[in-house]
Amino acid sequence: MSSIVMKFGGTSMAGIERIRNVAARVKREVEAGNRVAVVVSAMAGETDRLINLCREASPLAEPAEYDVVVASGEQVTTGLLAIALNAIGVPARSFLGWQLPIRSSAAHGLARIEDIGTGALEAALAAGQVAVIPGFQGVTADGRISTLGRGGSDTSAVAVAAALKASRCDIYTDVEGVYTTDPRIVPRARKLARITYEEMLELASVGAKVLQTRSVELAMKEKVRLAVLSSFSDEPGTLVVDEDEIVEQELIAGVAYDRNEAKVTIVAVPDRPGAVASIFGALADANINVDMIVQNIAHDSATTDVTFTVPRTELQRAKAMLEAVRGDVGFARLISDENVVKVSVVGVGMKSHAGVAVTMFRALADRGINIQAITTSEIKISVLIAEEYLELAVRVLHTAYGLDAPQ
């Protein structure tokens, strides 16, 4: 008998009728002879409501108490799904994170799962029960509730699947799978039958919202087979698998974008050892992630300009940190721009094909779209462009790489 993990997001759990729909899907898997563990998110919008309550209580809520509040949304849906399953004749019981336990680090709000106790979970499955588990939460070494950050329920599901050595982990969302790009921008976007862990990881990291980045990292590390499926249809979804399971590999798997980008240019940085380290050291100390970095050549051999991107939500904090070290570094001024977006093309086919970059640059140039910064990896090329050109750039690149579905 195979063990499977089914994860349902907030849209799937938004109200009693949708929870009943989830229960019916779980029942089908039980009747197919599978041992089933279900990981659930809070109802759509509930976590935001709880976060706002914390902010109203205090703009600087104590992190451990903040986690107590925001973790409660998953407790509600866990109990409700167990009730709905029992009501249709499927034996089920709920487990909270501390009851398994799901042990995590103490980084409240952004904890990492360290271990999952499977004794109680295995006993429930062996007794023919469906185990219903809240995503997004764990318990620290000192017994405090922790949360895993936005999208953390995906990571919870993959971690449970790895602990159970499940045959697969099904991630149910409000889309039917992983598409070559956002269908709202490109109606001819194609659903992918399979995608590699590497490609999915890169797409998630550059803006695709289907899966949380950490969940894909964990699935790749633990060799957990993922399936991205719709909660609202029975259409086949997308399998996330090893590269060797894909017989005919596409050159490009998809085009993604990220609006949460802001550009910072530091003008006239002294061209001496340690100056750039002081800039990025200040940002690292403040836990501000830096993405694209461009350093200009120092024409006068005395100063250089440094351009980089940070999350748009962190721009004001980044500017404050940089102004604080301005005297030590000695740069002239700081320029920022929030009206930018990052557009990326991803595909393992890049490893063995030349000309991928020039196709991207030429396609954008032909439409008069200026590239402000570039970053690459073995299977990804990302460019920074003006936000006004976002949709045009995505459509142009999708066509340039032959990703449009037939009309």
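## Arginine 103 and aspartate 115

Arginine 103 has a relative accessible area of 36% and is partly exposed, a class lying between buried (under 20% relative accessible area) and exposed (over 50%), with a 1.4 Å probe and protein chains only. Its partner in a salt bridge is aspartate 115, the closest N and O atoms being 2.3 Å apart; the term denotes a side-chain nitrogen of Lys or Arg within 4 Å of a carboxyl oxygen of Asp or Glu. The pair links distant parts of the chain, 12 residues apart, with arginine 103 in strand S4 (residues 102-104) and aspartate 115 in strand S5 (residues 113-116). Helices (H or I, at least four residues) and strands (E, at least two) are DSSP runs, numbered from the N terminus. Aspartate 115 is partly exposed, at 39%.

## Basis of the model

This is a predicted model, in which local features need pLDDT of at least 70 and side-chain atom pairs count only at pLDDT 80 or more, while totals for chains, interfaces and linings use all residues. Residues are numbered from 1 along each chain as its sequence is written, and side-chain values use heavy atoms, leaving out hydrogens and water.

## Arginine 25 and aspartate 234

The count of salt bridges is 22. One of them joins arginine 25 to aspartate 234, with 3.2 Å between the closest N and O atoms. These residues are 209 residues apart: arginine 25 belongs to helix H1 (residues 16-31), and aspartate 234 to the loop between strand S11 (226-230) and strand S12 (238-241). Arginine 25 is buried at 8% relative accessibility, whereas aspartate 234 is exposed at 58%. A network of salt bridges links Arg25, Arg28 and Asp234.
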